[in-house]
Amino acid sequence: MKSLRDTWLVFQRHLLLMARSPLQIFLGVAQPVVYLALFAPLLKPALASMGAGTMADAYRIYVPGMLVALALGGGLYVGFGLLAELGSGVIERARVTPVSRVALLLGRSLRDVVVLAVQAAVIIVLAIPLGLLVRVPDLLLAYLLLALISLTSSAVSYGLALKVGNPDVLGQLVNNLAQPLMLLSGTLLPLALAPLWLRRVSDWNPFSWAVVGMRELFAGRPGDPAVWRSLALMAAVALAALLWSARRFARTVR
């Protein structure tokens, strides 16, 4: 119970800090909105072989992938905030309090999930006039999947930040990690268009399974096995990432 209470307190603190500077939330969706307006219109002819006969079909394929890219990319960069807190002494002051070290991680990660939820809502609302339609139950499952992706990527980012301790090294590491994960997950274009060898490599990327599950949800097929496989896989990956990062917190913030 103490860990849950401490997690809630840490989450509230970081949520309050985020509310004081809401601009960062909307800056985070600036690039996805640009892609939505300038890249997505090119998809109708590109995805014609997959049955995308209208722009609404194209957006149902593109928007879910873009949301996964936002959850993955946004989460991997949150470690820079932790490094800033380490440099300013915020973490040092937390060491003298009885707060749970695991709560310091979970509270931050839950804040990142809230940020993602707001950003995803903005993108979905902007895509509705363009022809995107998704049922509320399917959207709730999609949010659950996005939350698991965000927990995974943010936990990995916090763990890497504690391990390297240098923002320059962290930036290079995150870039080298994020690009192949996104390219091998089919966030921009479905991997069904890729050659066979690339599809086989992407099978080892859990986020490619998440993209497939998201697209099935936006297509109105929540009962598809890909949806439940992606949820189960991302839940396992998120748990592993949180356990690894929590151990880093426990060892570093003593």
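User: Hi! How many salt bridges does the count come to here?

Analyst: Hello! The count comes to 4 salt bridges, where a salt bridge is a side-chain nitrogen of Lys or Arg within 4 Å of a carboxyl oxygen of Asp or Glu. This is a predicted model, where local features need pLDDT of at least 70 and side-chain atom pairs count only at pLDDT 80 or more, while totals for chains, interfaces and linings use all residues. Residues are numbered from 1 along each chain as its sequence is written, and side-chain values use heavy atoms, leaving out hydrogens and water.

User: Why can side chains pair like that?

Analyst: Side chains of opposite charge can pair when their charged atoms come close.

User: Nice. Which residue forms a salt bridge with Asp112?

Analyst: That would be Arg111, and the closest N and O atoms of this pair are 2.8 Å apart.

User: And is Asp112 buried or exposed?

Analyst: Asp112 is buried, at 8% relative accessibility. Buried means under 20% relative accessible area, exposed means over 50%, and partly exposed lies in between (1.4 Å probe, protein chains only). Arg111 is buried too, with 17%.

User: What about Asp138, which residue does it form a salt bridge with?

Analyst: Asp138 pairs with Arg135, with 3.0 Å between the closest N and O atoms. Asp138 is buried, its relative accessible area being 3%, whereas Arg135 is partly exposed at 48%.

User: Switching to Arg200: how far apart are the closest N and O atoms in its salt bridge with Asp203?

Analyst: They are 3.9 Å apart. As for accessibility, Arg200 counts as partly exposed at 48%, and Asp203 counts as partly exposed at 40%.
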